[in-house]
Amino acid sequence: MKKVYIETLGCQMNKSDEERMLGMLQWLDYEQTLEPKEADLLIINTCSIRQLSEDKAYSAIGTWGKWKKTKPDLKIVFAGCVAQQKKEDLFKRAPYVDLVLGTHRLYELPELIKRIEAGERVCSTEEVVFPEDNLDIIRKKGVNAWVPIMEGCNNFCSYCIVPYTRGRERSRKFEQIMGEVKKALSEGFKEITLLGQNVDSYKGVNEQGEEVNLAGLLRAINSLDGKFRIRFVTSYPTDITDELIDTVVELDKVCEYFHIPMQSGDDEVLKKMNRRYDVATYTKICNHVREKVKDVTITSDFIAGFPGETEEQFQHTLDEILKLELDYSNTAAYSPREGTVAAKWVDKYLSKEVKEERLARLNETVREACLNSNNKYVGREMEILVEKFGTNKHGENVISGRTRNNKMVHVPCDENRIGEFVNVKIVGAKTWYLKGELI
Ligand code: SAH
Ligand code: SF4
Ligand code: F3S
């Protein structure tokens with residue numbers, strides 16, 4: 001068998017694409033290796049959300065290009081979001097690349113690999129709708145299976161490259177999704193996470209020919225037999241409907257967890273970001289979710305140092321994180337992305353120093369909010385799904401897993417219980433995790 005090494009950067013959508021690439025490559029007798037030097041085929045699956053992620057891709061393949069001198073049959077594929085965006089230009093930058101594979105052409109991989117094996121050099125990035133039949137997936141081992149239900153974005157936030165790398169919103173077929181979920185459950189996965197850039201925009205048609213939205217899809221999956229959990233990410237704030245919230249409350253397998261990126265706590269900045277809500281609207285949505293869904297965890301994303309952001313506006317973001325009691329937030333300093341609207345506001349760019357300094361304060365506030373959130377659960381009994389078994393720095397055996405509301409809990413335990421649901425008592429809170437005891 002030939003060997004393929006895939007390095008994946010970026011979000012879960014890319015990780016999910018990697019699993020589909022591995023599935024398709026087995027048709028060509030490729031097996032995965034975790035050692036790039038052993039590989040006959042090297043794939044970099046790239047992310048372009050920030051300059052830093054893009055640069056990581058270039059530095060990785062720079063090394064691979066040199067290996068070709070001593071291993072002339074080695075094939076190199078540049079895939080993912082940077083490939084979709086930069087297209088043929090990548091050949092100029094990295095002449096040793098054999099295939100530039102855009103996100104829209106993922107399903108063409110086997111055919112394209114055959115062509116590069118025959119000595120061709122190919123760039124395939126044109127946006128076309130691909131048939132989804134006969135999909136094979138080799139999932140990463142673990143308890144959670146990621147299942148993409150929609151891809152792309154129509155929102156065009158002024159800072160964001162995703163609409164250019166993933167294209168317009170499109171939903172996957174209902175029966176395809178259900179088939180993948182059933183297969184993952186039969187393989188022993190205990191948690192299904194439905195994935196999409198705007199997961200609430202999912203629109204499908206079920207076997208009876210009826211339209212199905214995200215709430216309907218959750219109902220269909222919830223009705224499958226067995227004990228497992230269901231999650232979904234990411235929600236665009238204003239797309240969260242009452243029906244969806246009620247469905248989360250009603251369905252036993254759907255977990256109490258919403259990821260609702262706010263991006264900024266200031267109305268002016270939100271407007272410039274082209275987000276379609278203000279702070280009051282976001283607050284209403286959060287409060288509504290919290291009133292209805294007991295023990296819900298709400299996480300968010302924030303950008304520090306958006307072009308023209310004043311110190312006062314930035315302060316509003318810090319205030320909102322604490323006021324809204326956001327349980328956890330991803331953070332990043334603004335990074336201009338070529339082709340987006342905000343990238344043109346060069347005269348409004350903030351210096352690297354200001355952005356970094358704001359990011360540090362943002363992270364400090366996120367840590368504070370996270371610890372506040374974790375403290376609320378001390379003394380409670382909760383169910384975790386065990387993901388890991390190992391030894392901590394004190395030499396103790398520990399199992400770790402997430403609660404339904406997505407809090408990580410570490411629990412002393414001598415038995416490997418990966419994949420099991422275990423009830424624990426929360427006895428302590430740290431910034432990034434809870435400490436538990438078996439009960
Ligand atoms: N669809 C999701 C976000 C997907 S991108 C939403 O609408 O919220 C993931 C995160 O990357 C974003 O939430 C944002 O916080 C961050 N991000 C996107 N573009 C960025 C940029 N140019 N600079 C810094 N962070 C960015
Ligand atoms: Fe990017 Fe905005 Fe779309 Fe999210 S909603 S993927 S931030 S353009
Ligand atoms: Fe990055 Fe593409 Fe995901 S740009 S964040 S890998 S959709």
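## Salt bridges across the chain

In this predicted model, the side chains of E387 and R402 meet in a salt bridge with an N to O distance of 3.4 Å, a salt bridge being a side-chain nitrogen of Lys or Arg within 4 Å of a carboxyl oxygen of Asp or Glu. This pair links distant parts of the chain, since E387 belongs to strand β17 (residues 381–391) and R402 to strand β18, 15 residues apart; helices (H or I, at least four residues) and strands (E, at least two) are DSSP runs, numbered from the N terminus. E387 is partly exposed at a relative accessible area of 26%, and R402 is likewise counted as partly exposed, at 25%, where buried means under 20% relative accessible area, exposed over 50%, and partly exposed in between (1.4 Å probe, protein chains only).

E309 and R358 form another salt bridge, in which the closest N and O atoms are 2.9 Å apart. Here too distant parts of the chain are joined, with E309 in the loop between β15 and α12 (311–323) and R358 in helix α13 (residues 352–375), 49 residues apart, and both residues are buried.

D89 and K92 form a salt bridge whose closest N and O atoms are 3.2 Å apart. The two residues are three residues apart in helix α4 (residues 89–93), so about one helical turn separates them. D89 is partly exposed, with a relative accessible area of 45%, whereas K92 counts as exposed at 69%.

The structure holds 36 salt bridges, and a network of salt bridges links D17, R20, E151, R166 and R170.

## A buried lysine without a salt bridge

K407 is placed in the loop between β18 (397–403) and β19 (408–412). This residue is buried yet has no salt bridge, the nearest side chain of opposite charge being D327, 4.1 Å away; for such assignments Lys and Arg count as positive and Asp and Glu as negative, while His and the chain ends are not counted. The side chain of K407 does make a polar contact with the side chain of N374, at 2.9 Å, a polar contact being a pair of N or O atoms within 3.5 Å, of which, within protein, one must be able to donate a hydrogen and the other to accept it, and residues adjacent in sequence count only if both atoms are side-chain atoms.

Of the 16 residues around ligand 1, Q197, P261, Q263, D301 and S335 come nearest, a residue being near if one of its heavy atoms lies within 4 Å. The shell divides into eight nonpolar, four polar and four charged residues, with Ala, Val, Leu, Ile, Met, Phe, Trp, Tyr, Cys and Pro counted as nonpolar, Asp, Glu, Lys and Arg as charged, and the others, Gly among them, as polar.

A nitrogen atom of ligand 1 is 3.0 Å from a polar backbone atom of Y159. Oxygen atoms of the ligand lie 2.7 Å from a polar side-chain atom of Q263 and 3.0 Å from an N or O atom in the side chain of R275. Taken alone, ligand 1 exposes 540 Å², of which the protein buries 87%, with accessible areas from the Shrake-Rupley method and a 1.4 Å probe; for residues, only the protein chains shown count as cover.

The residues around ligand 2 include C153, C157, C160, Y159 and R275. By class, this shell has eight nonpolar, two polar and one charged residues.

## Conventions

Residues are numbered from 1 along each chain as its sequence is written, while chains are lettered from A and ligands numbered from 1 in the order in which they are written. Because this is a predicted model, local features need pLDDT of at least 70 and side-chain atom pairs count only at pLDDT 80 or more, whereas totals for chains, interfaces and linings use all residues, and side-chain values use heavy atoms, with hydrogens and water left out.
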